[in-house]
Amino acid sequence: MLTFAEAHAPAALPAPDQAEVTRLLALGTPGVIVPPAFEEAFYRGGNLPEQLRHLFARVRPARIDEDALEPLAAQAQALIRTTCLMDDAVQAFYRTLARADLPAGGVVRARRSGDAHGEDAVFLTPGTAALQAMKRVWAQDWTFDAVLGRLDSAGSVALEARSTLLHPA
């Protein structure tokens, strides 16, 4: 996990993320980029792949029952929002937020890299509200439309972790 200033080093991030962080830095925007590996560790640490696989086991991509899919998507979102991160990960997140020099009491936005929409939270030290906003962004990957889109395009509910940005709204 890196602050925008730390991520400015050449080759620190994939090209699309690097371009967005560079643009935000040029505007003087402080922030944090949470790499896909952090989200992947959250999924593994909470045994989420197995729980999600079990939850969606009866969904057949060849013949999707949208009425059955909708409550499953809601359950998956709740699962993401209520699963706890490991203590070490939370502490690393808080330390990175502290280095980012985000304005205390200001609104911070958590969003996917490349996406203008996200989740807002008031930033107070250590950053619990920002952490919850980031988990709400991750939960958006499990909305009915997102899951249906993956089933239609890839034939699976599986997804790839992506970078998450946190910066003043």
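This is a predicted model: local features need pLDDT of at least 70, side-chain atom pairs count only at pLDDT 80 or more; totals for chains, interfaces and linings use all residues.

Reader: Nice. Which residues lie nearest its centre?

Author: Those are Tyr43, Pro49, Trp142, Ala158 and Leu159, out of 16 residues that line the largest pocket.

Reader: And which elements give two or more residues to that lining?

Author: Helices α3 and α4 (48-55) do. The largest share is from α3, with 4 residues.

Reader: How many lining residues are nonpolar, polar or charged?

Author: The lining has 10 nonpolar residues, 5 charged ones and 1 polar one.

Reader: Switching to α6. Where does that helix run, and how many residues has it got?

Author: Helix α6 covers residues 87-100, which makes 14 residues. From first C-alpha to last it reaches 20 Å, close to the 20 Å expected at 1.5 Å a residue.

Reader: Which of its residues are buried?

Author: In α6 the buried ones are Val90, Phe93, Tyr94, Thr96, Leu97 and Ala100. They are on the same side of α6, because the arc they cover around the axis is only 165 degrees.

Reader: Why would residues three or four places apart point the same way in an α-helix?

Author: An α-helix has 3.6 residues a turn, so residues at that spacing point the same way.

Reader: What do the buried residues of α6 pack against?

Author: Their partners are the strands β1 (2-3), β2 (32-34) and β5 (164-168), along with the helices α3 (36-45) and α7 (128-139).

Reader: And which exposed residues sit on the face turned away from the buried side?

Author: That face of α6 carries Asp87, Asp88 and Ala98.

Reader: What follows α6?

Author: Asp101 does, and its phi is positive, near 60 degrees. Asp101 is in the loop between α6 and β3 (107-112). With a relative accessible area of 62%, Asp101 is exposed.

Reader: Is Asn47 buried, exposed or partly exposed?

Author: Asn47 is partly exposed, as its relative accessible area is 44%.

Reader: While we're on backbone: what kind of peptide bond runs from Thr125 to Pro126?

Author: That bond is cis, with omega near 10 degrees. Pro126 lies in the loop between β4 (118-122) and α7.

Reader: Now a couple of threonines. Is Thr29 buried or exposed?

Author: Thr29 counts as buried, because its relative accessibility is 15% and the cut-off for buried is under 20%. Thr29 is in the loop between α2 (15-26) and β2.

Reader: What is Thr29 in contact with, leaving aside neighbours within four places in sequence?

Author: Thr29 is in contact with Phe4, Leu24, His167 and Pro168.

Reader: And Thr82, is that buried or exposed?

Author: Thr82 is exposed, at 60% relative accessible area. Thr82 is in helix α5 (residues 66-82).

Reader: Last one: what separation is there between the C-alpha atoms of Thr82 and Ala139?

Author: They are separated by 9.8 Å, and along the chain the two residues are 57 residues apart.

Terms used:
Residues are numbered from 1 along each chain as its sequence is written. Side-chain values use heavy atoms; hydrogens and water are left out. The expected span of a helix is 1.5 Å times one less than its number of residues. Buried means under 20% relative accessible area, exposed over 50%, partly exposed in between (1.4 Å probe, protein chains only). The arc is that of the directions from the helix axis to the C-beta atoms. Contact means heavy atoms within 4.5 Å. On a 1 Å grid over the protein atoms alone, a cavity is a set of points where a 1.4 Å probe fits but cannot get out, and a pocket is an open set with protein on both sides within 12 Å along at least five of seven lines; lining residues have an atom within 4 Å of a point. Ala, Val, Leu, Ile, Met, Phe, Trp, Tyr, Cys and Pro count as nonpolar, Asp, Glu, Lys and Arg as charged, and the others, Gly among them, as polar.
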